[in-house]
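Dear colleague,

Please find below the structure that I am handing over to you.

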Amino acid sequence: MSNQVKKLNTIVNRQDFLLAARGKRSGQRSLLLQARDRRDGSSAIRIGLTCSKKLGNSVTRNKARRRLREISKSILMIIGLPGWDYVLVGRPKATVERPFLLLKKDLEVAIKRVHS
């Protein structure tokens, strides 16, 4: 990619989650990716994670969130586009039970689909 330094920030405002939900999306076996181009000229990549009670109890939700956070750090720094918001939504059972390498592959495929 270019010589821009990529920076990962966290989405904290509900409004930004809602805007991402109206953007592009790609559903995979273990996660749903929602993405939107902010068009604000920023070089920061913003990431949001959502794991609802459908996933299970708090231990399960936190495990799913930790796994999604880890794959997003490794994948989005490489193929994520600056100025975009990405929201990863966990899926019941699949996000926690899917092997880590396949979880990473699901995110890669989802990002490529969103940007194609």
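A network of salt bridges links Asp16, Arg36, Arg38, Asp40, Arg46 and Asp85. A salt bridge here is a side-chain nitrogen of Lys or Arg within 4 Å of a carboxyl oxygen of Asp or Glu. By this rule, the count comes to nine salt bridges.

Please note that this is a predicted model, in which local features need pLDDT of at least 70 and side-chain atom pairs count only at pLDDT 80 or more, while totals for chains, interfaces and linings use all residues. Residues are numbered from 1 along each chain as its sequence is written, and side-chain values use heavy atoms, with hydrogens and water left out.

Salt bridges

Side chains of opposite charge can pair when their charged atoms come close. Helices (H or I, at least four residues) and strands (E, at least two) are DSSP runs, numbered from the N terminus.

Asp16 is buried, at a relative accessible area of 11%, and Arg36 is buried as well, at 18%. The terms are set as follows: buried means under 20% relative accessible area, exposed over 50%, and partly exposed in between, with a 1.4 Å probe and protein chains only.

A further salt bridge connects the side chains of Arg39 and Asp37, at 3.7 Å from N to O. Arg39 is exposed, with a relative accessible area of 71%, whereas Asp37 is partly exposed at 28%.

Lys105 and Glu108 also meet in a salt bridge, at 3.9 Å from N to O. Both residues lie in helix α4 (residues 100-115), three residues apart, which is about one turn of the helix. Lys105 is partly exposed at 45% relative accessible area, and Glu108 is likewise partly exposed at 23%.

Aromatic pair

A search of the whole structure finds one aromatic pair. Trp84 and Tyr86 form this pair, which is stacked, with 6.2 Å centre to centre and 20° between the planes. Rings of Phe, Tyr and Trp (its six-membered ring) pair if their centres lie within 6.5 Å; planes under 30 degrees apart count as stacked, over 60 as edge-to-face and the rest as tilted. Trp84 is buried at 10% relative accessible area, and Tyr86 is buried at 0%.

With kind regards
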